[in-house]
Amino acid sequence: VYAGTGSASAKLYKVNAETGESTTIELPDGLEGKCEFVYELSNVDRCLSVYLSGCPSGKIGYIYDTKERTWSAPLADFNNANIDIDSEGRLWFTLSSVLHSYDPEKNDLKNWGVVMDGGKATQVYIDEQGRETVVAMNYSGAMDRFVIDTEEFIPGAVLDLKGDRNLPVFTAEVGPDDKLYASVSFGGGLAIYDPKTNEWESHGEWKRESESMLSFKGKMYIGTYPTARLYEYDPKLPFGPQNPKELFSLGADEQQDRPWALAAVGDWIAIGTVANYGMVQGGLTLYNPETSERVTLKEELLPGRGATALAAIGDVVFVGTTEKGGNGTPPPSNPGTVVAYDREKQRKLWESTPVPGETGVTSLVATPSGRLFGIAFNTAFELDPNTGKVLRTQKLDEVAQPANGFWRSAHLKYDRCENRLY
């Protein structure tokens, strides 16, 4: 059995299924200890397809010959580890959605120049005419075919398969144009719903996992995973390669990965983030879109914690925290807190533990009248925004907490028309 692991450091193991004895297989090209995950593995015959992520050059693939114990040259822009083999012993897969074959005997990689839009999984089969054919498919039902002998390319879904990705809506917010903006987990994309016309605008090609959204001064701001990127979308302009446009990333310089919360603090945008894989220290970033000024506060404000929720009243931003860091870190042992920070005076005002038994505060909301509410997993609460004193708590439906902690357990919204929290 071959097993790949990761989070803080990628490892590849060969395990004897009978004895349980394991042997470490050293990664190629000096990558041992430099990648985050052996993200996917797949094998055909004696060839093991290894997909590494979080490497210095990003995502990269290799073919490992389990008999000769040798590695292929690096395969840049590896789509995934799903490979298959044809009758001549060539392996088939996609790099940046372009079809490639690899002959392990000759160590020969060939680019066939065909873009397979469905390049998430690749398989070789015999079609209805008896021809050896490569098929590539993705979660959305796209299924392209390539006949090996004739090099005929047949794009499109087979049998009108539409596909249902069965992915939940991950983030949704009302934009400055009163339309609803939404994104799903894993696949990302951006969907825009107009309640006036009852019509949807879909941009599945924008493949970013959106963790948070904020309507601010006529534009939509979107925080995405990985590497905690902030994008700006202008509803008045057509959707395109630069709309949404990337403003910055907090990954390389600040080691942040998941921007779970956005909030408006005067002329500034507050961004609450959780750290990268294997790291604990999250942060609060304050960004001014007009001047591009940006400052990130980590240990000095949230020592040993990540920011999972935000709300603001005037120049004071309230930060919901948890000790749960990036994946691969120990589970939290202390309760979640709320920290009040004055952006104008640049100082921490107070820190409160609203629910001692809960390990994270995952949602905060401030009402127009200046009241502060939040949720710590199974319990809703109200705090005095001036002192952090707990004014009241309300137990919610009991849900078992994950053993390794959590980042998000609730979305809390205030309806000013009904004066209710949802």
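Are Trp92 and Phe146 buried or exposed? Trp92 is buried, and Phe146 is buried too; here, buried stands for under 20% relative accessible area, exposed for over 50%, and partly exposed for anything in between, with a 1.4 Å probe and protein chains only.

1. A word on the model before the details. This is a predicted model, in which local features need pLDDT of at least 70 and side-chain atom pairs count only at pLDDT 80 or more, while totals for chains, interfaces and linings use all residues. Residues are numbered from 1 along each chain as its sequence is written, and side-chain values use heavy atoms, with hydrogens and water left out.

2. The structure holds 18 of them; rings of Phe, Tyr and Trp (its six-membered ring) pair if their centres lie within 6.5 Å, with planes under 30 degrees apart counted as stacked, over 60 as edge-to-face and the rest as tilted. The ring centres of Phe37 and Tyr277 are 4.8 Å apart and their planes stand at 90°, so this pair is edge-to-face. Phe37 sits in strand E4 (residues 37-44) and Tyr277 in the loop between E26 and E27, so the pair ties together parts 240 residues apart in sequence. (Strands, E, of at least two residues and helices, H or I, of at least four are DSSP runs, numbered from the N terminus.) Phe37 counts as buried at 18% relative accessibility, and Tyr277 is buried at 12%.

3. Back to the opening pair. The rings of Trp92 and Phe146 have centres 6.2 Å apart and planes at 45°, so they are tilted. Trp92 belongs to strand E10 (residues 91-95) and Phe146 to strand E15 (residues 143-147), so the pair links parts that are 54 residues apart in sequence.

4. Beyond its neighbours within four places in sequence, Val317 is in contact (heavy atoms within 4.5 Å) with residues including Val265, Ala270, Leu284, Leu310 and Tyr341.

5. Two cis peptide bonds deserve a look on screen. One joins Tyr225 and Pro226, with omega about 5°, and Pro226 is in the loop between strand E22 (219-225) and strand E23 (229-233). Another joins Asn243 and Pro244, with omega about 15°; Pro244 is in the loop between E23 and strand E24 (245-249).

6. Two backbone angles are also worth checking. Asn198 is not a glycine, yet has a positive phi of about 60°; this residue is found in the loop between strand E19 (188-194) and strand E20 (199-203) and is exposed, with a relative accessible area of 56%. Phe377, also not a glycine, has a positive phi of about 60°. Phe377 lies in the loop between strand E34 (372-376) and strand E35 (379-383), and counts as buried at 12% relative accessibility.
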